[in-house]
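Here is a short report on one protein chain. Look at the sequence and the model first.

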Amino acid sequence: MDNFLVDTEGLAKIFDVTPRQIQRLAAAGVLEPEEGTGSKQKGYQFNLRTVVIQYSQFLLARSCGGGNIDTWT
């Protein structure tokens, strides 16, 4: 299956959060941006298939009391 890349704004719309929240999730290591992205001009690019799994795992752990954005590693 081909990689489907989305930018921060697009991912924020898909997950129904703000772009700033996507940036925080990436900075905390919850979401992994594609290698070589993140410049000020282009911002982060994410492989949608990968980050859906990562975000689902984060939400599941959080719902079980197992983590939050500040303690995620």
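What share of the contacts in the chain with a separation of 6 or more comes from residues 24 or more positions apart? They account for 51% of those contacts, a contact being heavy atoms within 4.5 Å.

## Model and conventions

This is a predicted model, in which local features need pLDDT of at least 70, side-chain atom pairs count only at pLDDT 80 or more, and totals for chains, interfaces and linings use all residues. Residues are numbered from 1 along each chain as its sequence is written, and side-chain values use heavy atoms, with hydrogens and water left out.

## Overall layout

The chain has three helices and two strands. From the N terminus, the order is β-α-α-β-α. Helices (H or I, at least four residues) and strands (E, at least two) are DSSP runs, numbered from the N terminus.

Of the 73 residues, 27% are buried. Buried means under 20% relative accessible area, exposed over 50%, and partly exposed in between (1.4 Å probe, protein chains only). The chain exposes about 5100 Å², and carbon and sulfur atoms supply 49% of that area. Accessible areas come from the Shrake-Rupley method with a 1.4 Å probe; for residues, only the protein chains shown count as cover.

T8, L11, A12 and F15 are the buried residues of α1. They cover an arc of only 105 degrees around the axis, which puts them on the same side of α1. The arc is that of the directions from the helix axis to the C-beta atoms. These buried residues pack against β1, α2, β2 and α3.

D16 sits in the loop between α1 and α2. Its phi is positive, near 60 degrees, in a residue other than glycine. Most residues other than glycine have a negative phi. D16 counts as exposed, because its relative accessibility is 69%.

## Helix α3

Helix α3 covers residues 48–63. Its 16 residues should span 22 Å at 1.5 Å a residue, and the end C-alpha atoms are 22 Å apart, which agrees. The expected span is 1.5 Å times one less than the number of residues. The buried residues of α3 are L48, V51, Q54, Y55, F58 and A61. They fall within an arc of 155 degrees seen down the axis, so they line one face of the helix. R49, I53, L60 and S63 are exposed on the other side. Cover for the buried residues includes β1 (5–7), α1 (8–15), α2 (19–27) and β2 (45–47).

At the N-terminal end, N47 caps α3: a side-chain oxygen lies 3.0 Å from the backbone nitrogen of R49. G65 follows the helix, with a positive phi near 80 degrees. Within α3, Q54 is buried, with a relative accessible area of 11%. Leaving aside neighbours within four places in sequence, Q54 is in contact with V30, L31 and E32.

## Nonpolar core

The largest nonpolar core has 14 residues. Such a core is a set of buried Ala, Val, Leu, Ile, Met, Phe, Trp, Tyr and Cys residues joined through side-chain atoms within 4.5 Å. Those with the most contacts inside this core are L11, F15, I22, L25, L31, F46 and V51. The elements that give two or more residues to this core are α1, α2 and α3. The largest share, four residues, comes from α3.

Which residues does L11 touch, not counting those up to four places away in sequence? L11 touches V6, I22, L31, F46, L48 and V51.

Notes: A polar contact is a pair of N or O atoms within 3.5 Å; within protein, one must be able to donate a hydrogen and the other to accept it, and residues adjacent in sequence count only if both atoms are side-chain atoms.
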